[in-house]
Amino acid sequence: LSSDLIHMMKSVLSTHRYGKARVRVMKVVRTPGSHQVFDVNARVLLSGAALTETYKTGDNAMVVATDTIKNTCYIVAEKYSFKTIEEYAILLGEHFLNTYSHVEQVAVNLDQYAWERLVVSGKPHEHSFKRDPEVHIVSVIMSRASSGPKIDYLESGLKGLVVLKTTGSGFEKFWRDSYTTLPDTTDRIFATSVTAKWTYTNPSQGKQIDFDQAFQSVRTSVLEVFALEYSRSVQETLYHAGDMALARAPQMESVWISLPNKHHFTFDLSRFEKCGVRNTNTVFQPSEDPSGLIEGTISRPKPKL
């Protein structure tokens, strides 16, 4: 197409946002006797009517450079104290809305990598850690109001919480038809990698919310239900964990949980019985592909009118 024809098109810029992604920020809080680390992967995206001109004409006069957005992530981490990455995300949103009057909305997504404190000679070490595969995630969208920056959406979560139990799980009496080959079982390995995301009853409270208590409520509920209850189905385990988390954390509105079923099938040793070998439910073949995938959202009941 010629450039003249392109400029004659009557297209519309329906949505837009831009910013910086994969900004790695490490903050060390040097509390005497017990250092704390915040290891974060940040994504910050800006939008607003004044920013559409760069898309349409290439006029960059109102564009906050993505390099500036990157630098801001480090500067805000240095200037302000925060106890959770939710607070850090809100501080970032407030900064961009307060600093740039033409920015109308800020979307901040953070992944916090977990560092577990080392225990040396039976005591937690002051400043040494080991990396945990679990990740704490946060998503916040903030916009401009007459009273100042406001929170439109706030979600916390965790991912990469890998758990396994060697018994205490079964799956039986399910729907059968001519395509079904899976046998019933009352004793199987149950393994999964937990992802959970939760929202808040009153997100406008912002930094006043007890984010850490919500996180611990979800994590503890998942682990307790997984370990202590006999699982008749992954679905049952998912629901009970979410229900328990909501009971423990009144500041939470709903929790979404995803549990991929990391299968461990009993390996067939019947071919080797002549060798005197048989499987006594001790040798398994892990098989993650394809995997079952169970998801659900557990919410507080809506009040009756």
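A helix's expected span is 1.5 Å times one less than its number of residues, and helices here (H or I, at least four residues), like strands (E, at least two), are DSSP runs numbered from the N terminus.

This is a predicted model, so local features need pLDDT of at least 70 and side-chain atom pairs count only at pLDDT 80 or more, while totals for chains, interfaces and linings use all residues. Residues are numbered from 1 along each chain as its sequence is written, and side-chain values use heavy atoms, with hydrogens and water left out.

**View 1. Helix H4, end to end.** At 1.5 Å a residue, the 15 residues of H4 (residues 85-99) should span 21 Å, and the end C-alpha atoms do sit 21 Å apart, so the two agree. Is H4 mostly covered or mostly open? Mostly covered: 11 of its 15 residues are buried, where buried means under 20% relative accessible area, exposed over 50% and partly exposed in between (1.4 Å probe, protein chains only). Among the buried ones are Tyr-88, Leu-91, Leu-92 and Phe-96, and Glu-86 and Glu-87 are on that list too.

View 2. Strand S3 (residues 105-120) and strand S4 (residues 123-145) run antiparallel, paired over 15 bridges; strands count as paired if DSSP finds at least two bridges between them. Val-119 has Pro-124 in S4 as its bridge partner. The hairpin leaves 2 residues between the strands, and Ser-121 in the turn has a positive phi of about 55°.

**View 3. On to S5.** S4 also pairs with strand S5 (residues 148-165), again in the antiparallel sense, over 11 bridges. Look for Val-135 opposite Lys-159 in S5. Here too there's a hairpin, with 2 residues between S4 and S5.

View 4. Met-26, Val-28 and Trp-115 make a nonpolar surface patch of about 250 Å². Patch members have over 30% relative accessible area and no salt bridge; like charges are joined within 9 Å and nonpolar side chains (Val, Leu, Ile, Met, Phe, Trp, Tyr) within 5 Å. A salt bridge is a side-chain nitrogen of Lys or Arg within 4 Å of a carboxyl oxygen of Asp or Glu, and areas come from the Shrake-Rupley method with a 1.4 Å probe, counting only the protein chains shown as cover for residues. Trp-115 belongs to strand S3 and is partly exposed, at 33% relative accessible area.

The protein chain has 6 helices and 8 strands, and buried residues make up 40% of its 305 residues.
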